[in-house]
Amino acid sequence: MGKLIIKKQYSPEPRDIYFTVPNCISLLRIISIPFIAVFVSRHEMIYALIILALSAVSDGLDGLIARSFNQVSKIGQILDPIADRLLIFSSILALGIANIIPWWMLIVVGLRDLIMAALIIVLAQHDYGPLPVHFVGKAGTAMLLIAIVSLIFADIWTNDATNVLHLCGLATGIWGVGLYWLAGYIYIRQGIGLLKQDK
């Protein structure tokens, strides 16, 4: 009984449905990510910002629709965080290719996401759904996205203001990476705690 309660806590009211409007929106977000990365890597930042803005709007929209029309699904709980992770990783990769950020940021973010992917797979084998998003994780993701947008915007022009914006974007990104890893540590501890209860 205790295990069932924990599982419900970590997967609030998911349904086994696939073809829903929120899931389609999440898929479109994922499909848009390579276009963003290509535009950023080519320094075509206006197009990248337009697609990023549409992606941000759709991110809030799919969650609102899912909750309002009872379309929360198990696959949707997986697709949404995957879209966020892919957007961050692909954007950082593109910024690295464009020589806007140092490559170590890509390595550090990518390593954290690989560890989280392995944790999700292990938990799924024990019939646990996605872990609840911690506010530290939300803060880290938000800071990384703010950094990405700032660095993209700063690359459009070259003047004193954009140079300052570039430095602020890098600083925000470094703090975001720190929070990203702190959240990863929290998720790992939560996951290990659940796995220990199965023994």
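In this predicted model, a polar atom of the Ser-150 side chain lies 2.8 Å from the backbone oxygen of Ile-146. Such a polar contact is a pair of N or O atoms within 3.5 Å; within protein, one must be able to donate a hydrogen and the other to accept it, and residues adjacent in sequence count only if both atoms are side-chain atoms. Ser-150 belongs to helix α6 (residues 135-154). Helices (H or I, at least four residues) and strands (E, at least two) are DSSP runs, numbered from the N terminus. Ser-150 counts as buried, at 16% relative accessibility. Buried means under 20% relative accessible area, exposed over 50%, and partly exposed in between (1.4 Å probe, protein chains only). Beyond its neighbours within four places in sequence, Ser-150 is in contact with Leu-165 and Gly-169. Contact means heavy atoms within 4.5 Å.

Residues are numbered from 1 along each chain as its sequence is written, and side-chain values use heavy atoms, with hydrogens and water left out. Because this is a predicted model, local features need pLDDT of at least 70 and side-chain atom pairs count only at pLDDT 80 or more, while totals for chains, interfaces and linings use all residues. The pLDDT is the predictor's confidence in each residue, from 0 to 100. Its mean over the protein chain is 87, and 91% of the residues reach 70 or more. Over residues 1-12 the pLDDT is below 50. That stretch has 20 contacts in the model beyond near neighbours in sequence.

Salt bridges were then examined. A salt bridge is a side-chain nitrogen of Lys or Arg within 4 Å of a carboxyl oxygen of Asp or Glu. Side chains of opposite charge can pair when their charged atoms come close. The whole structure holds 5 salt bridges. One of them joins Asp-80 and Arg-29, at 2.8 Å from N to O. Asp-80 lies in helix α4 (residues 74-97) and Arg-29 in helix α2, so this pair ties together parts that are 51 residues apart in sequence. Asp-84 also forms a salt bridge with Arg-29, the closest N and O atoms being 2.6 Å apart. Asp-84 is in helix α4 and Arg-29 in helix α2, so parts 55 residues apart in sequence are tied together.

Arg-29 is buried, with 4% relative accessibility. Asp-84 is buried at 15%. Asp-80 is partly exposed, with a relative accessible area of 24%. A network of salt bridges links Arg-29, Asp-59, Asp-80 and Asp-84. Elsewhere, the side chains of Arg-112 and Asp-113 meet in a salt bridge of 3.5 Å, N to O. Both of these residues, Arg-112 and Asp-113, are buried.

Leu-106 sits in helix α5 (residues 103-125). Leu-106 counts as buried, at 11% relative accessibility. Not counting residues up to four places away in sequence, Leu-106 touches Phe-89, Ile-92 and Leu-93.

Leu-28 is found in helix α2 (residues 21-41). Leu-28 is exposed, with a relative accessible area of 57%. Together with Leu-27, Ile-31 and Phe-35, Leu-28 forms a nonpolar surface patch of about 410 Å² accessible area. Patches are made of residues with over 30% relative accessible area and no salt bridge; like charges are joined within 9 Å, nonpolar side chains (Val, Leu, Ile, Met, Phe, Trp, Tyr) within 5 Å.

Note on methods: Accessible areas come from the Shrake-Rupley method with a 1.4 Å probe; for residues, only the protein chains shown count as cover.
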